[in-house]
Amino acid sequence: MRLELGKIFIKDVQFGQSTHVEKGTLYVAKEELEKLVLEDDRIIGAQIELARPGESVRITPVKDCIEPRVKVSGGEMFPGVVGKIDKVGSGRTHALEGACVVTVGKIVGFQEGLIDMSGPTACYTPFSETQNICVVIQPAEGLETHEYEEAGRLAGLKVAAKIGECARELEPDELVVYETLPFAKQVETYPNLPKVGYIHMLQSQGLLHDTFYYGTDAKQLLPTFMYPTEIMDGAIISGNCVAPCDKVTTYHHLHNPVIEDLYKRHGKDLNFIGVILTNENVYLADKVRSSDMVAKLVELFGLDGVLISEEGYGNPDADLMMNCQKVSQTGTKVVLITDEFPGADGKSYSLADGVPEAKHIVSCGNGNVIVHFPPMEKVIGMLDYVEMQIGGYDGSLKPDGSIDAELQIIIASTIANGFNHLAARGY
Amino acid sequence: MKKRVVHYINNFFAGVGGEDMAHIPPEKREGVVGPGMALQPALGDEAEIVSTLVCGDNYMGEKTDEALDQLIAWIKEEKPDLVIAGPAFNAGRYGYACGSLVKKVQEELGIPAFTAMYDENPGVDTFRKDAYILKVADSAAGMRSAIPLMAKFAKKILNGEEILGPDEEGYFERGIRVNYFHEKRGSERAVEMLLQVMAGKDPVTEYPLPKIDRVDPVPPVKDMAHTKVALVTSGGIVPTDNPDHIESSSASKYGVYSIEGMEQMSKDLFTSIHGGYDRQYVLENPNLVVPLDAMRELEKEGVIGELADYYIATTGTGTSTDNAKRFGEDFVNKLKEDSVGAVILTST
């Protein structure tokens with residue numbers, strides 16, 4: 001598959017009469033977008049608010065973050081969810097890079113996160129650096145939780161696709177081409193380079209911990225092989241409420257850093273063969289089956305090395321370790337990417353499970369560290385749930401609006417796919 | 001005003017014999033003794049070793065509590081800003097004494113304390129999590145290089161300067177995980193690490209995985225019909241007002257709650273404060289996590305002897321393994337006292 005990704009760089013966001021881009025500024029039509037969200041009768045209130053880098057703004061509870069994009073050719077945006085079911089990962093896609101749709105609203109499952117656009121904690125989330133179009137939703141009275149989650153998820157995706165539409169005819173500031181060939185041809189192309197794959201573990205514990213692959217619930221997947229460009233092009237969307245710090249937002253699926261960085265060395269130091277997609281189900285039998293299948297695919301494709309990333313912590317550590325062990329036993333080299341939860345004093349085990357084969361691990365930081373959030377002039381959403389959100393606790397929220405909470409309350413702060421520069425080391 | 005330092009050494013370094021005198025009880029001497037004579041000038045004019053405490057290593061090993069209590073009492077009187085113990089080099093019992101003392105000084109008096117040892121001193125592994133242990137040579141021949149290292153570290157602590165990482169400061173890593181921003185993002189480092197591993201190299205892992213404790217399952221209960229059973233959960237079910245303020249994640253405590261006379265867990269009396277799962281069904285029916293209804297039936301049917309009239313709860317999500325271990329070690333005493341013979345652990 002060959003994907004042409006045209007990037008239109010967005011440096012500011014403003015309200016406008018119509019949704020369009022002019023000299024790097026994205027103008028969004030507030031009422032039009034609000035109407036779009038309200039088409040879903042499960043949502044009775046919708047407000048579009050804007051948040052820009054450097055502003056004294058706190059956004060919470062954040063559900064998902066999505067980059068506005070459009071499929072110019074080769075399929076539709078978010079297939080099986082917003083667009084009709086079709087393959088993605090080839091053709092041409094235009095992205096409003098630097099802009100982000102952020103869904104906000106009353107808590108769904110109290111694992112939704114926080115973004116500060118300025119101040120000492122802004123550095124922990126990539127969404128303090130994007131021009132954010134916040135979709136603040138109000139669910140219908142008594143709306144069932146899972147319905148609310150779905151309504152919120154769809155609202156964000158629809159708004160992102162709608163905004164993305166304005167990029168269809170634009171001339172991109174930068175055009176990047178990503179290509180992975182069919183297996184046999186790809187191997188032939190760089191016969192002397194090591195064959196590398198990426199084992200991408202999707203959060204699928206269920207009960208508000210779900211991810212969707214072409215609209216299919218990842219719980220129902222058996223591990224499958226895919227082109228990397230499919231993920232970069234909207235094949236996977238987030239529908240989960242894992243701890244905010246290591247939630248892989250839809251934005252992060254579109255910008256999967258492992259895929260981007262493997263492509264950077266593709267044809268130079270390694271031969272990037274493809275992605276093995278797997279899940280993190282709660283039943284032991286599922287974990288055993290999925291990790292067996294992962295190792296089988298690694299062997300089938302004769303991979304020399306793999307990177308494995310997980311989503312969430314605790315329970316999925318067991319999947320991470322099973323994958324590591326079984327893949328290592330096929331003779332394939334493994335490097336794991338994870339974040340750490342060693343407790344308030346930093347002295348406990350960072351992971352809930354471990355195998356002797358897990359010899360090479362990259363750390364994405366310690367999520368248990370307590371950080372101070374000074375008050376912000378404006379709150380998009382509400383602070384009502386801070387003390388219940390993951391990372392918050394009784395007494396987290398001070399009367400002046402400042403917060404003391406664990407780093408894990410910040411969205412994607414320790415995301416376990418290596419998107420950030422944050423890491424932990426032993427002291 | 002000069003900062004006050006108390007120094008701890010063993011009988012050998014105090015010049016009171018060798019192995020033959022290792023039984024001597026604690027002594028307190030004014031000013032510097034032994035290695036303190038070199039340490040004092042290295043500390044300069046801003047700090048003064050006000051007293052030196054001495055104890056035989058055997059005495060410390062055999063009557064640890066008595067020795068430590070006496071030493072702590074003297075240190076408390078001196079109101080020091082810092083306690084330095086050793087260097088113990090590769091002397092195992094001396095290392096144990098130094099480690100025990102600096103740990104207790106910090107925990108009981110809240111006064112900063114550190115020691116220094118050789119890599120293979122067993123005291124390093126025993127106490128590295130509890131205190132700074134500077135890396136020194138294996139014998140007293142290394143005193144000359146140990147003194148400036150210890151003096152420099154002491155001055156940093158006394159001046160309230162930031163203590164940097166183990167490599168910069170020369171201490172044994174304490175196993176405390178501290179955040180920093182790397183110049184490269186994680187995925188880029190992972191790709192580089194994989195390229196090295198595939199090239200047959202063994203790059204340094206960013207997280208050395210410790211050996212994870214595994215608990216072997218106990219054998220099945222032989223006679224359930226005469227066994228008292230208790231329910232213990234990490235599912236965050238607490239009385240609705242959460243009287244112990246148990247956290248919704250990263251719990252630092254657990255609670256013991258009465259179910260005396262209750263036939264089932266009522267949603268009016270109990271709730272879930274757990275932040276790691278979808279609580280919707282459990283809020284309606286807390287028996288899903290604390291299965292009191294089913295246990296009462298088993299009790300009536302005589303399948304179990306009886307059900308303890310309380311259950312124990314904490315939140316499992318994000319809770320550190322050290323905390324979880326501490327909870328278990330703590331409440332198991334109550335369960336034993338109450339003659340509980342089996343526990344059903346429910347998770348979520």
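User: How many helices and strands does chain B have?

Analyst: Chain B has 11 helices and 13 strands. Helices (H or I, at least four residues) and strands (E, at least two) are DSSP runs, numbered from the N terminus. This is a predicted model, in which local features need pLDDT of at least 70 and side-chain atom pairs count only at pLDDT 80 or more, while totals for chains, interfaces and linings use all residues. Residues are numbered from 1 along each chain as its sequence is written, and chains are lettered from A and ligands numbered from 1 in the order in which they are written.

User: Why is chain B called more spread out than a compact globule?

Analyst: The radius of gyration is taken over C-alpha atoms, and the globule rule is 2.2 Å times the number of residues to the power 0.38. For 348 residues the rule gives 20 Å, and chain B has 27 Å, well over that value, so chain B is more spread out than a compact globule. Along the principal axes, its C-alpha atoms fill a box of roughly 75 × 55 × 40 Å.

User: Into which domains is chain B divided, and what separates their centres?

Analyst: The division gives domain 1 (3-169) and domain 2 (224-346); such bounds come from an automatic or database domain assignment. The centres of domain 1 of chain B and domain 2 of chain B, taken over C-alpha atoms, are separated by 46 Å.

User: What makes residues of chain B count as being in contact with chain A, and how many are there?

Analyst: Two residues are in contact if their C-beta atoms, placed from the backbone, lie within 7 Å. By that criterion, 47 residues of chain B are in contact with 64 residues of chain A. On the chain B side, strand E7 (177-181), helix H8 (186-198) and helix H11 (321-337) each supply at least two residues, with the largest share, 11 residues, coming from H8(B). By class, this side has 18 nonpolar, 18 polar and 11 charged residues. Here Ala, Val, Leu, Ile, Met, Phe, Trp, Tyr, Cys and Pro count as nonpolar, Asp, Glu, Lys and Arg as charged, and the others, Gly among them, as polar.

User: How do you know that strand E25 of chain A pairs with E7(B)?

Analyst: Two strands pair if DSSP finds at least two bridges between them.

User: Why are E16 and E21 of chain A said to stand at the edges of their sheet?

Analyst: The open sheet has 6 strands in the order E16-E18-E13-E19-E20-E21 (chain A), with mixed pairing. Strand E16 (224-226) and strand E21 (361-366) each have a single partner strand, so one side of each is left without a neighbour in the sheet. Neighbouring strands are turned by 20° against each other on average, direction ignored. Strand E20 (residues 333-340) of chain A runs parallel to E21(A), with 4 bridges joining them; A:Glu340 has A:Asn366 as its bridge partner in E21(A).

User: Which helices lie on this sheet, and at what angles to E20(A)?

Analyst: Axes are lines fitted to C-alpha atoms, for helices over the stretch in contact, and angles run from 0 to 180 degrees between N-to-C directions. Helix H8 (residues 315-329) of chain A lies across strand E13 (195-203), strand E18 (271-280), strand E19 (305-309) and E20 of chain A, at about 165° to E20(A). H8(B) also packs on the sheet, touching E13, E19, E20 and E21 of chain A, and its direction makes about 150° with that of E20(A).

User: What is the crossing of H7(A) and H8(A) called, left-handed or right-handed?

Analyst: A crossing is left-handed if the near helix is turned anticlockwise from the far one by less than a right angle, and right-handed if clockwise. H7(A) passes H8(A) in a right-handed crossing. The axes of helix H7 (residues 284-300) of chain A and H8(A) come within 9 Å and cross at roughly 35°. The residues of this contact divide into 6 nonpolar, 2 polar and 4 charged.
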